[in-house]
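Notebook open, model loaded. I wanted to look up a helix pair, a ligand shell and the confidence scores.

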Amino acid sequence: MTSERTFVMVKPDGVQRGLVGRIVQRFEEKGLKIAAGKFMHISPELAQKHYEEHQEKPFFNDLVGFITSGPVFAVVLEGQDAIHISRLLIGKTDPKEAPAGTIRGDYGHVKEKNVIHGSDSLESADREIGLFFKPEEVLEYERSIDAWL
Ligand code: RTP
Ligand code: MG
């Protein structure tokens with residue numbers, strides 16, 4: 001059984017709406033372990049790097065403007081299939097298509113303000129964790145419940 005890490009981030013709309021605790025709780029309740037967390041403002045430079053796969057898209061400037069518009073809560077989660085599981089909990093990009101019970105389905109309204117980000121692959125998870133956290137900020141520790149997950 002191999003554990004993996006993923007990067008999720010409550011976006012500025014989620015922070016402004018007071019959803020940080022409820023969103024983080026969903027990942028904890030699912031069994032994923034918090035390895036790092038940081039409340040921060042994203043600089044335009046970091047935003048451009050984070051979303052570099054979208055730099056040719058028509059919505060890129062709006063996306064960078066939105067993600068830098070207020071504080072975000074950045075988190076590293078760890079567990080078996082953490083990337084796939086967290087994307088399932090998050091739901092589809094457009095909240096209108098995300099089922100109830102997913103974070104975007106329950107809290108989101110529009111694609112441009114969809115409450116949360118989650119890495120979509122091992123490569124993007126590694127890259128994004130490296131962009132947002134220093135190695136020593138990502139903690140390794142044991143939990144007694146890990147044997148039951
Ligand atoms: P994220 O990266 O934020 O977790 O979202 P995602 O994987 O579900 O979606 P992605 O395709 O990576 O798009 C990144 C973010 O760009 C915004 N977007 N706007 N206006 C548009 O057509 C449009 N398309 C995407 C969304 O906020 C999406 O989360
Ligand atoms: Mg994405």
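I began with the angle classes: under 35 degrees counts as roughly parallel, over 145 as roughly antiparallel, 65 to 115 as roughly perpendicular, and the rest as oblique. This is a predicted model, where local features need pLDDT of at least 70, side-chain atom pairs count only at pLDDT 80 or more, and totals for chains, interfaces and linings use all residues. Residues are numbered from 1 along each chain as its sequence is written, with chains lettered from A and ligands numbered from 1 in the order written.

Helix pair. I looked up helix 2 (residues 20-30) and helix 5 (residues 82-90), whose axes come within 11 Å and cross at roughly 135 degrees. Helix 2 and helix 5 are therefore oblique to each other. I noted R26, F27 and K30 on the helix 2 side of the contact, and I85, S86 and L89 on the helix 5 side (contact: C-beta atoms, placed from the backbone, within 7 Å). By class, that contact of helix 2 with helix 5 has three nonpolar, one polar and two charged residues.

Ligand shell. Around ligand 1 I found H54, F59, L63, T93, K111, E112, N114, H117, G118 and D120, each with its backbone-placed C-beta within 6 Å. The shell splits into two nonpolar, five polar and three charged residues, Gly counting as polar.

Confidence. I read a mean pLDDT of 97 for the chain, with 99% of its residues at 70 or more (pLDDT is the predictor's per-residue confidence, from 0 to 100). The model scores ipTM 0.94 and pTM 0.97.

Technical notes
Axes fitted to C-alpha atoms, helices over the stretch in contact; angles between N-to-C directions. Helix = DSSP H or I, 4+ residues; strand = E, 2+ residues; numbered from the N terminus. Contact = placed C-beta atoms within 7 Å.
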